[in-house]
Amino acid sequence: FLMERKTHAKINRKEVMLAKLRKSCSCTPKKLKNFVMDFFPVLRWLPKYHCKEYIWGDVMSGLVIGIILVPQAIAYSLLAGLKPIYSLYTSFFANIIYFLMGTSRHVSVGIFSLISLMVGQVVDRELLLAGFDLNDDAPPALGDGSLQNDSQTNTTAFNLTIAGMNAECGKECYAIGIATALTFVAGVYQVLMGIFRLGFVSMYLSESVLDGFATGASLTILTAQVKYLIGIKIPRSQGHGMLVITWINIFRNISQANLCDVITSAICIVVLVTAKELGDRYKHKLKFPLPTELVVIVVATLVSHYGKLNEVYASSVSGAIPTGFIPPKVPHFNLMLRVAVDALPLAIVSFVFTVSLSEMCAKKYAYTIRANQEMFAVGFCNIIPSFFHSFATSAALAKTLVKTSTGCQTQVSGVISAMVVLLVLLFLAPLFYSLQKCVLACIIIVSLRGALRKFRDVPARYHVNKVDTLVWVVTMSASALISTEIGLLVGIVFSMLCIIVRTQRPRTALLGQIQNTSFYEDDLEYENLSSVPKVKIFRFEAPLYYANRNYFLKSLYRLTNLDPNLEAARRKKYEKKEKQHLKKGDHTTANGLGVGETTLQLVPKQIDFQALVVDCSSISFLDTTGVNTLKEILKDYKDLNISVLLACCNPSVIDSLKRGGYFGKDFGSIQEMLFYSIHNAVQFAKDQK
């Protein structure tokens, strides 16, 4: 039977687009109100805030995150190559802006190790190109002068003209200038992606790519912190192969290790790891996580200050951290041009991590988020703070999990966390002067436990899916051994190539009938299937398009044991020889058979079927080449008196076949060529016999 298709009314796309444009451009008070409330979701949920029910959980989680945020912010400044004060600014402004614009109730937006690393790599590169010394402890010189005259060291501010930036600027000034320009451009990209609804870009970052990227970047982060752990002074490596070059420099200078830093690092790592393991084991008994990082920082600062570790043992310390806020400043336009390309992967990674974490929390706690609004939120979390000497932000998994485990209900907890950071900014920052950098490095390394544990999951991942494991390995290796940005690009390209290869060489099979049923399955995969006499059933498990056309034909010819082109050529050659013998009056053929017996030779013994059924259930679409391929096999097999029947075609494939003329001009023979199940096609072939 032939099912009748519904007739769909033709849509005038031009009129639809004009109507949408008129609707979007119109402005009414109600529409303006909805726009403002959609742009600032806090206006919708804050008036409905259940104070008695939510306030305790929000305050508790906000305080815990704030306590965790302060030491992490100071530590992650090492990754970004900036002073700790800028990390604190970043954490403060990101929490406030996401509170106003975010749609997730639980996600924690702020400073993030991977984003800090990507910012730091760009900052280091530009500092190097500008002629600055990347050594953290380099003495002030012409390229690293204070902005104030100093008669004792004979170091004065100088007029720096780099990339059109004509101002008195030292190393720290130029570094934060690069970071804010990069952050501003990344935020602009994210807002533009939100305006043009380009959130689908995140779909090309599979879980394997993201995990591999995070693990590779974690290896880079760990490598960058080793010099602080053991207290050696080596130049910060730049460019491709940074991980290998850094390890070579570490082993070359291992003899210069600072014993005080080594001992401090060992103690801190043991304490932090032990506390984390105990926290994970007894987390069901603890109402909130242990503030181990804060305790370690306070104790280490006191020991360093009263033990005079910097003066006596030359242990590297954080130095002066000013209080208050620096006056806002517009990011420099010429610097934006220098970092415009670097900002693109930064914008995508920041957005993808934020949306994926937001969706995870929304699914767990049964509410919805708006991905497009999340893009606006994280975009403005970058644009606005860039005027206040902050750098790029993103949602962070570890802090989000802590937030949810400590009773967070809404983003009011983010405001509480921002207040904790503000307290440090206004009053407590100078107290961290004597804090050793090796302690900060320990905090960073221990925070990488989750990403580094992915190595333990490789066997299980390989057991589940070998291709995804290969994508993970390639992305991780490229991110670690080449660079993070190139690693991300390599991962995306490689994962897409894997998809293309899998569609180019998909599974193909001949099907057999399940006994006493009307169902058919792969003859090589299942036992006790019966073959259908005089009928071959071929399944192709992929779209049929230009890239896999040849594989489709080769697989068909191999499984059916018949190439119609070769068979047609063989027959023509045989007939030609027969005609030559008949002209000579010889009534025997080249094989010594009589003319009457020759006809039997025209149908070779290997052709053991008279109908070919193509199972199209796995063919999702056809392009022009695919349609022409099916028309070709229809003609070739017809020349051998073998009928080709299509089964289980979806409407898209049927439409492509109709447009390509597969069923003829008037579709008169469609009922004899197209069937809605394999069994119908097989029954038709048997009846035709």
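Student: What should I know before I start?

Tutor: Residues are numbered from 1 along each chain as its sequence is written, and side-chain values use heavy atoms, with hydrogens and water left out. Because the model is predicted, local features need pLDDT of at least 70 and side-chain atom pairs count only at pLDDT 80 or more, while totals for chains, interfaces and linings use all residues.

Student: How does the radius of gyration of the protein relate to that of a compact globule of 689 residues?

Tutor: The radius is taken over C-alpha atoms, and the globule rule is 2.2 Å times the number of residues to the power 0.38. Here the protein has 34 Å, while a compact globule of 689 residues would be near 26 Å. Its C-alpha atoms fill a box of roughly 120 × 70 × 60 Å along the principal axes.

Student: What percentage of the residues count as buried?

Tutor: Buried means under 20% relative accessible area (1.4 Å probe, protein chains only). In this protein, 48% of the 689 residues are buried.

Student: Which residues line the largest cavity?

Tutor: On a 1 Å grid over the protein atoms alone, a cavity is a set of points where a 1.4 Å probe fits but cannot get out, and lining residues have an atom within 4 Å of a point. The lining of the largest cavity here includes Gln121, Thr220, Met242 and Ser479. Helix H9 (242-252) and helix H20 (466-481) each supply at least two residues of that lining; helices are DSSP runs (H or I, at least four residues), numbered from the N terminus.

Methods: Buried < 20%, exposed > 50% of the residue type's maximum accessible area, 1.4 Å probe, protein only. 1 Å grid on protein atoms, 1.4 Å probe; cavity = no way out; pocket = protein on both sides within 12 Å on 5 of 7 lines; lining within 4 Å.
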